[in-house]
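Good morning, colleagues. Please keep the display in view as I speak.

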Amino acid sequence: MALNYIWIAFFLIAFVIALTRLIFFGDTEIFSHLVSAMFDSSKSSVMTIALPLAGNMALWLGIMNIGEKAGAIRFLSRIVGPFFSRLFPEVPKNHPATGQVLMSFSANLLGLDNAATPLGLKAISSLQDLNKDKETASNAQIMYLVLLTSGLQLLPVTIIAQRAILNAKDPTDIFIPCIIATFVSAMSGMLLVAIKQKINLFDRVIIGWLGGITCFIVLLVWYFTEFLTKGQIGLVSKVASNLMLYSIPVIFITGALLKKINVFEAFIDGAKSGFETSVKIIPYLVAMLVGIAVFRACGALDYMNDGLRWVVIQLGLDTRFVDAMPVAYMKPLSGSGSKGMMINIMTTYGPDSFAGRLGCVFNGSADTTFYIAALYFGSVGIKKFRYAIPAGLFADLAGIIAAIFVAYLFFG
């Protein structure tokens, strides 16, 4: 229901603002902008997102099928099974969904967008097989979705690359702030859902795994900052992420060869469902992206920023962070929209400005809650999201607050 009301609000708010601009400010072009936004976004949701996604879906679902037949997914399930059995108690021990969820998280951690979405859709489908009420999100699916929307990422390769394109003095200076902000977002979302689902967070296995992950992130940051130059950080991030991405199909194919599996047939069998899934999600993509487009086109985001700036001034606080807030507004709504805002802010204020850097940290602190909810739940026919959206937005808010604090800490 939350997504239903929010989607309705996009159109009604856009209509009220547009009508106000027409009547009181004589803006005769505003409704033309809204109509253009509707048609452009509906077209791009299919031509730019759904159809290219079909190819990625076919590729990675084919590779995942090879991995399943080779036993790689079961192997991963046994490794992370003790931890996931506590975090996802509804998922049976050594179930393939455990390995698929891990593969999806791994792709997100490495910033591998092209692989992350197909792997994520495969994981949510496996969790749907265990879901008794097919139209209502299960506890496991909500936990998975909230962790995804937190955007936990170790290698913000695309953000670093964009900063380099815009000639930032040090494109990698947002590396540590991004990791801190996205880690806060992920932990906040996980803790909220765990409390809601009455998961024992003081279990030794959960504490051990979370402690280990935290130590790994701390050691990674320490190694990057102590032993690599700033130029090497971006290079190592790019090489490591792409090396690991290409290693996945190589490992799966090698395992299948050792088990004397027909690799090509296994790939084709898995790839067949890629196009079907891509077609199934088109209505959800169109609905969400059109709503976001009209909300943006009416100028609502600009008015939100002006209102926030007024409040900050009245409180006597520093207003520099407000210049970057459009990225934070857009991030839960649209990944491409938040990226566009990030680039616009860096272009307007400079990539090395406080706003330019904070915009990058905002973009790396969380993921697109509404888009992911519509895409993932829509792909398996879930209509009742329960508390998934509020929990995801809570994680987003935690990431935004953390991003502001670390930006002032690192960039003054």
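How far is the sulfur of Cys 360 from the closest cysteine sulfur, and in which residue does that sulfur lie? The partner is Cys 178, and its sulfur is 7.1 Å away, too far for a bond. A disulfide here is a pair of cysteine sulfur atoms within 2.5 Å, and by this rule the count comes to 0 disulfides.

A word on conventions. This is a predicted model, in which local features need pLDDT of at least 70 and side-chain atom pairs count only at pLDDT 80 or more, while totals for chains, interfaces and linings use all residues. Residues are numbered from 1 along each chain as its sequence is written, and side-chain values use heavy atoms, with hydrogens and water left out.

As to exposure, buried means under 20% relative accessible area, exposed over 50%, and partly exposed in between, with a 1.4 Å probe and protein chains only. Cys 360 is buried, at 0% relative accessibility. Cys 215, at 46%, is partly exposed.

I turn to the salt bridges. The criterion is a side-chain nitrogen of Lys or Arg within 4 Å of a carboxyl oxygen of Asp or Glu, and the count comes to 8 salt bridges. One of them joins Arg 357 to Asp 173, with 2.9 Å from N to O. Arg 357 lies in helix H16 (residues 354-365) and Asp 173 in the loop between helix H7 (157-165) and helix H8 (175-196), so the pair ties together parts that are 184 residues apart in sequence. Helices are DSSP runs of H or I, at least four residues long, numbered from the N terminus. Both Arg 357 and Asp 173 are buried.

Another salt bridge links Asp 323 with Arg 309, the closest N and O atoms being 2.9 Å apart. Asp 323 is in the loop between helix H13 (300-314) and helix H14 (325-330), and Arg 309 is in helix H13, so this pair ties together parts 14 residues apart in sequence. Asp 323 is buried at 17% relative accessibility, whereas Arg 309 is partly exposed at 26%.

Arg 320 also forms a salt bridge, with Asp 318, at 3.1 Å between the closest N and O atoms. Arg 320 is partly exposed at 34%, and Asp 318 is partly exposed at 37%. Salt bridges that share partners join Arg 163, Asp 173, Asp 352 and Arg 357 into one network.

What of the helices? Helix H18 (residues 388-411) has 24 residues and should span 34 Å at 1.5 Å a residue; its end C-alpha atoms are 34 Å apart, which agrees. The expected span is 1.5 Å times one less than the number of residues. Just after H18, Gly 412 takes a positive phi of about 80°.

Val 16 is found in helix H1 (residues 2-25) and is exposed, at 51% relative accessibility. Together with Phe 15, Leu 19, Leu 22, Ile 23, Phe 24 and Phe 25, Val 16 forms a nonpolar surface patch of about 740 Å² accessible area. Such a patch takes residues with over 30% relative accessible area and no salt bridge, nonpolar side chains (Val, Leu, Ile, Met, Phe, Trp, Tyr) being joined within 5 Å; areas come from the Shrake-Rupley method with a 1.4 Å probe.

Finally, the loops. Asn 167, in the loop between H7 and H8, has a positive phi of about 65° although it is not a glycine. Asn 167 is exposed, at 65%.

Key: Helix = DSSP H or I, 4+ residues; strand = E, 2+ residues; numbered from the N terminus. Patch = residues over 30% accessible without salt bridge, like charges linked within 9 Å, V, L, I, M, F, W, Y side chains within 5 Å.
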